[in-house]
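Biologist: I would like to learn how to read a structure feature by feature. Can you take me through one?

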Amino acid sequence: RAYLSATLFAEPPRETFLGRRWLWRIEAAAIPRYDAALVEIHARLRSLLLGPKWLAIPRWIQGEAPLDGARRLPKTLKSDLSRIRRNNLTCTVTRDLERMEAFYRDMYAPYIAGAHGASAFVMPDTAFRNHLPVCELLLVEKSGHAIAGILLDVVGGVPRLWSLGIRDGDPAHLDDGAMAALYHFAFERFRAQGHDR
């Protein structure tokens, strides 16, 4: 919403929340009085809003890739592995709920807010907590202190990188190789569990 507002309008627009509406009442409620209406609908219903007045933008994009694809970037991979070794980064995997909640508070929320500014979507803590029972948390550690983390789960037999964060959103941890270590250790874990994508 923040990105679209900045792109479409010269000045910050006034916004009015119209609440929940039946699809056939959206145009009657919004179009005559507003320059633009942003509507969130379930993906199965998007065909009902096709036409010249509507632009469909997916809220989330998911993709799959073979795990061996991560080995096909030799220069990048060698550089990442060198940084991980040089900074003595290690990983720990846990299902401890307290550590997961600390990850949300100290890593995920600050990193997402800092990285994306006004356009950040920080998942509400209730939605986050509801998903925890099916997740495990992989933490990247430096000198025994967790500096980054990523939640892993499996959907339809395929492992997924769900949410990641850097402690306090501190870019110094990125310089240490925390992001590269998150992906490297997660992919290694997936391979060890027998996943191929």
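Modeller: We will go through aromatic pairs, strands, a helix and a pocket. Keep in mind that this is a predicted model.

Biologist: Start with the rings. How many aromatic pairs does a search of the whole structure find?

Modeller: The general idea is simple. Two numbers describe a pair of aromatic rings: the distance of the centres and the angle of the planes. Here the search of the whole structure gives seven aromatic pairs. Take Phe103 and Tyr108: their ring centres are 6.5 Å apart and their planes meet at 40 degrees, so this pair is tilted.

Biologist: Are Phe103 and Tyr108 buried or exposed?

Modeller: Phe103 is buried, with a relative accessible area of 1%. Tyr108 is buried as well, at 5% relative accessibility. Tyr108 also pairs with Phe128, and that pair is stacked, with 6.4 Å centre to centre and 15 degrees between the planes.

Biologist: Which helices hold Tyr108 and Phe128?

Modeller: Tyr108 sits in helix α4 (residues 97-116) and Phe128 in helix α5 (residues 125-131). They are 20 residues apart, and the pair links distant parts of the chain. Phe128 is buried too, with a relative accessible area of 1%. One aromatic cluster takes in Phe103, Tyr104, Tyr108, Phe128 and Trp162.

Biologist: Now the strands. In what sense do β2 and β3 pair?

Modeller: First, the general point: side chains in a regular strand alternate between the two faces of the sheet. In this model, strand β2 (residues 136-142) pairs with β3 in the antiparallel sense, over seven bridges. Lys142 has His145 in β3 as its bridge partner. The β2 and β3 hairpin has two residues between the strands, and Ser143 takes a positive phi near 50 degrees.

Biologist: What joins β3 to β4?

Modeller: Eight bridges do, and the two strands run antiparallel. The bridge partner of Val155 is Val158, in β4. β3 and β4 form a hairpin with two residues between them, and Gly156 in the turn has a positive phi of about 60 degrees. As for burial, eight of the eleven residues of β3 are buried, so β3 is largely enclosed by the rest of the structure.

Biologist: Next, a helix. Which residues of α7 are buried?

Modeller: An α-helix has 3.6 residues a turn, so residues three or four places apart point the same way. The buried residues of α7 include Leu182, Phe185, Ala186 and Phe190. At 1.5 Å a residue, the 15 residues of helix α7 (residues 178-192) should span 21 Å, and the end C-alpha atoms are 21 Å apart, which agrees. Just after α7, Gly194 takes a positive phi of about 90 degrees.

Biologist: Last, the pockets. What lines the second largest pocket?

Modeller: Again, the idea first. Rolling a probe the size of a water molecule over the atoms shows where empty space is left. The second largest pocket has a volume of about 1200 Å³. Its lining has 33 residues, and Ile61, Gln62, Arg160, Leu161 and Trp162 lie nearest the centre.

Biologist: Which element gives the most to that lining?

Modeller: β4 does, with seven residues. α4, β3 (145-155), β4 (158-166) and α7 each supply at least two. By class, the lining has 24 nonpolar, five polar and four charged residues.

Technical notes. Residues are numbered from 1 along each chain as its sequence is written. This is a predicted model: local features need pLDDT of at least 70, side-chain atom pairs count only at pLDDT 80 or more; totals for chains, interfaces and linings use all residues. Side-chain values use heavy atoms; hydrogens and water are left out. Rings of Phe, Tyr and Trp (its six-membered ring) pair if their centres lie within 6.5 Å; planes under 30 degrees apart count as stacked, over 60 as edge-to-face and the rest as tilted. Buried means under 20% relative accessible area, exposed over 50%, partly exposed in between (1.4 Å probe, protein chains only). Helices (H or I, at least four residues) and strands (E, at least two) are DSSP runs, numbered from the N terminus. The expected span of a helix is 1.5 Å times one less than its number of residues. On a 1 Å grid over the protein atoms alone, a cavity is a set of points where a 1.4 Å probe fits but cannot get out, and a pocket is an open set with protein on both sides within 12 Å along at least five of seven lines; lining residues have an atom within 4 Å of a point. Grid points are joined across faces, edges and corners, and a volume is the space filled by probe spheres set on the points. Ala, Val, Leu, Ile, Met, Phe, Trp, Tyr, Cys and Pro count as nonpolar, Asp, Glu, Lys and Arg as charged, and the others, Gly among them, as polar. Two strands pair if DSSP finds at least two bridges between them.
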